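Subject: Structure for you, with notes

Hello,

Here is the structure I promised to pass on. Please open it alongside this email.

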Amino acid sequence: MLPRTNLSKQHPVPVTLVPLSHVAHAPGDTVWRSLGETPRLELRPPGRTLPEGWIHLQGRLLRRSGAWTAFLHAEAGKREPVRFELPVSLKGTINEVLCLPGGVTRLVLEPMQGEGEFTLGEFSFKPVGEVERVRRMYQRIVAMFYKYPRARRKRAGLHSKTAILRLQEAYRIAGRLRTLSPVIPYDRWIREFDLLTEKDREAILRDTARLRRPPRFVVHVQGGHAPAARRATLASLRRQLYPHHEIRDAAPALAGGDRRTWFVFLPPGAALAPHALYWMARTAFDDTRVRLIYTDHDILDTGGARRDPAFKPDWSPELLRSTNYIGHAAAIRGDLLAALGLDPDVFDMHGLLLRAGERIPRYAVAHVPAPLFHLPPPGDPGNPNGSSPSQVAAHLERLQVAAQVEPTARGHCRVRYHLPPKPPGCPSSSPPATAWRCCGPA
């Protein structure tokens with residue numbers, strides 16, 4: 001173990017940044033390059049003497065690209081390192097009070113995850129006593145009470161009672177509020193926020209059993225040339241916690257059904273989270289006006305790992321014209337599907353959603369903000385999940401909206417709306433050319 005000395009409580013101790021792994025930079029340059037998933041640098045104080053207990057850590061860190069979450073690892077011999085998440089402000093400031101365990105032999109900074117560039121300023125720390133620790137913690141917490149409205153603090157979990165009874169938890173929440181929101185790796189997000197516990201499963205089953213006249217789902221699995229992908233989709237349907245569903249091929253006519261029947265269309269290789277149908281059923285049960293439900297989704301790579309989450313906005317017909325942001329992560333009520341009169345031989349998900357949006361008001365569309373659908377890559381031949389310029393053009397023609405639809409290089413649609421002969425707001429006495437200049441594009 002490294003020797004300990006009585007570090008001054010009055011003056012910060014500057015540290016030297018020593019590269020350990022996956023980092024590189026030119027001598028004298030403040031810009032560093034991350035070369036891998038876990039770039040690391042040692043924070044080395046003079047004489048390598050490290051404190052124990054509460055310290056005040058200061059530094060500067062600005063990042064470009066990569067995942068913007070910073071950590072400090074306190075290593076202590078053969079023991080498991082203690083990891084602290086470091087809030088970093090929009091201006092790159094690190095100003096954190098944290099408690100180092102006894103026997104720390106090395107402090108390691110992980111400035112980001114993934115490849116990218118970052119700039120480091122001076123780092124220092126100093127031990128703090130109980131009075132200064134509490135003062136600094138409350139200083140940050142009180143600042144967040146002035147800065148954010150009550151609703152925003154409540155969503156984050158910062159309450160007056162928390163600040164009084166659980167100071168360290170309130171300080172951690174306030175730190176996240178004051179910083180540039182960190183982007184955590186998606187696999188970590190899944191572990192922390194998306195996995196069901198046994199209690200979750202039991203609660204879902206109990207709630208399902210209480211539903212009177214529960215919604216029923218018909219899941220059409222589209223054909224394809226990959227039997228293994230189709231089997232994976234069927235396996236995910238067998239794992240559904242919600243029992244009121246059946247599986248069909250996509251070939252039969254899309255005649256629709258009654259108000260209690262909902263239709264889902266999946267490409268081969270897609271998978272549903274075990275609670276996907278439950279959340280859509282609960283949404284349909286709670287609001288009988290809803291006729292179209294969609295959820296967030298992510299992508300399954302070739303190894304079956306989830307990546308590229310699509311956390312979607314609420315219903316936007318204008319956005320849907322530009323890109324099929326909903327994709328197959330949707331369920332359509334039977335009576336609406338029957339009214340659309342679609343030809344199953346030319347089934348197109350983008351066209352189906354556009355037609356549905358033409359017939360229902362905004363309040364009849366519900367968004368479940370959770371990645372419940374796991375879809376194959378957009379370029380997969382069996383996944384016709386992209387945007388369709390021809391369907392958008394037909395949609396605008398049905399609505400008698402004059403516009404030109406152009407495909408873009410990234411598979412979206414650019415809609416160029418035509419101006420009327422007399423653009424809105426132009427004086428009636430102005431000649432057409434003048435009106436175009438003052439009210440339309442030059």
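My notes follow, grouped by topic.

This is a predicted model, so local features need pLDDT of at least 70 and side-chain atom pairs count only at pLDDT 80 or more, while totals for chains, interfaces and linings use all residues. Residues are numbered from 1 along each chain as its sequence is written, and side-chain values use heavy atoms, with hydrogens and water left out.

Aromatic pairs

The count is seven aromatic pairs. The rule covers rings of Phe, Tyr and Trp (its six-membered ring) with centres within 6.5 Å; planes under 30 degrees apart are stacked, over 60 edge-to-face, and the rest tilted.

One of the pairs is W189 with F193: the centres are 5.9 Å apart and the planes sit at 45 degrees, so this pair is tilted. Both residues belong to helix α5 (residues 186–194), four residues apart, about one turn of the helix. Helices here are DSSP runs of H or I, at least four residues; strands are runs of E, at least two; numbering starts from the N terminus. An α-helix has 3.6 residues a turn, so residues three or four places apart point the same way. F193 is exposed at 53% relative accessible area. The cut-offs are: buried under 20%, exposed over 50%, partly exposed in between (1.4 Å probe, protein chains only). Ring pairs also join W189 and F193 with Y186 and F311 in a cluster.

F217 and Y242 make an edge-to-face pair, 5.9 Å centre to centre with 85 degrees between the planes. F217 is in strand β12 (residues 216–221), and Y242 is in the loop between α7 (227–238) and β13 (245–249), so the pair ties together parts that are 25 residues apart in sequence. F217 is buried, at 0% relative accessibility. Y242 is buried too, at 0%.

Charges over rings

Two arginines are worth a look. R133 lies over the face of W54, 4.6 Å from the ring centre. R152 lies over the face of Y148, at 5.7 Å. The test asks for NZ of Lys or CZ of Arg within 6 Å of the ring centre and within 35 degrees of the ring normal.

Polar contacts

H56 lies in strand β5 (residues 53–64). H56 is buried, at 3% relative accessibility. Its side chain has a polar contact of 2.4 Å with the side chain of N95. Such a contact is a pair of N or O atoms within 3.5 Å; within protein, one must be able to donate a hydrogen and the other to accept it, and residues adjacent in sequence count only if both atoms are side-chain atoms.

S89 sits in the loop between β7 (79–86) and β8 (93–100). S89 is buried, with a relative accessible area of 12%. A polar atom of the S89 side chain lies 3.0 Å from the backbone nitrogen of T93.

Helices

What share of helix α8 (residues 276–286) is buried? Eight of its 11 residues are, so α8 is largely enclosed by the rest of the structure. Among them are Y278, M280 and R282.

Helix α11 (residues 349–359) and helix α12 (residues 389–398) have axes that come within 9 Å and cross at roughly 20 degrees. Axes are lines fitted to C-alpha atoms, for helices over the stretch in contact, with angles from 0 to 180 degrees between N-to-C directions. α11 and α12 are therefore roughly parallel (under 35 degrees; over 145 is roughly antiparallel, 65 to 115 roughly perpendicular, the rest oblique).

Best wishes
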